[in-house]
Amino acid sequence: MVLIGAPASGKTSFVRALLARRQIDEQAVVSSDEIHAELFDTAPAEAHSEAADSRIFEERDRRIAARLSGGRTAVAESTNVTPQARARLIAIARRFDAPVTVLRFDPDLSVLLRQHTERSRTDLTADDVRAYAAVMARHGGADQLRAEGTHAVHDVPGERQGTTPAEAAARFSFT
């Protein structure tokens with residue numbers, strides 16, 4: 001399963017709701033933010049470079065491949081807004097004959113910016129969030145996602161639909 005959405009779009013809140021409802025196994029979630037923290041919490045000066053990003057995503061890919069090779073589900077929790085990011089994940093899934101389901105998180109920009117402010121993250125600016133949202137708008141449409149080789153695309157409801165993460169999680173079933 002591939003989650004796509006700009007930072008602050010609700011991906012992590014949704015995953016936490018799925019975990020709270022025991023709809024997915026905690027080990028299934030492969031979060032680039034968590035890997036970032038594991039690798040660089042003790043070396044913050046190294047954490048924001050192309051080399052760091054490369055290590056983070058190589059480790060993410062390794063963990064996803066390990067789960068899929070054992071016939072287990074993997075949830076790729078990263079922004080995944082670019083076709084290149086998704087192509088890496090789709091290629092890994094194909095190696096193990098695993099279908100790729102995409103869950104799209106696409107709130108209004110005003111919601112993204114408010115949620116970004118509420119998160120108090122210092123590694124991303126409001127301009128960064130706007131840039132991710134723009135890429136998502138250009139490259140995250142359902143038709144494009146299907147053309148990239150995904151098996152299913154689902155929009156995750158959010159604030160615009162008056163839905164909390166827990167309510168959104170209750171609308172999905174994973175086997």
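Buried means under 20% relative accessible area. The model used here is predicted.

**Exercise 1.** Find which aromatic pairs phenylalanine 14 forms, and classify their geometry.

*Solution.* 
Step 1. Count the pairs: there are two.
Step 2. Take phenylalanine 14 with phenylalanine 105. Their centres lie 5.4 Å apart, with 70° between the planes. Planes over 60 degrees apart count as edge-to-face, and this pair is edge-to-face.
Step 3. Phenylalanine 14 is in helix H1 and phenylalanine 105 in the loop between strand S4 and helix H5, so the pair ties together parts 91 residues apart in sequence.
Step 4. Check burial. Phenylalanine 14 has 1% relative accessibility, so it counts as buried. Phenylalanine 105, at 4%, is buried as well.
Step 5. Take phenylalanine 14 with phenylalanine 172. This pair is also edge-to-face, at 5.6 Å centre to centre and 85° between the planes. Phenylalanine 172 lies in the segment after helix H8, so the pair links parts 158 residues apart in sequence.

**Exercise 2.** Describe the backbone and burial of asparagine 80.

*Solution.* 
Step 1. Phi of asparagine 80 is positive, about 50°, although the residue is not a glycine.
Step 2. Asparagine 80 sits in the loop between S3 and helix H4.
Step 3. Its relative accessible area is 2%, so asparagine 80 is buried.

Note on methods
Residues are numbered from 1 along each chain as its sequence is written. This is a predicted model: local features need pLDDT of at least 70, side-chain atom pairs count only at pLDDT 80 or more; totals for chains, interfaces and linings use all residues. Side-chain values use heavy atoms; hydrogens and water are left out. Helices (H or I, at least four residues) and strands (E, at least two) are DSSP runs, numbered from the N terminus. Buried means under 20% relative accessible area, exposed over 50%, partly exposed in between (1.4 Å probe, protein chains only). Rings of Phe, Tyr and Trp (its six-membered ring) pair if their centres lie within 6.5 Å; planes under 30 degrees apart count as stacked, over 60 as edge-to-face and the rest as tilted.
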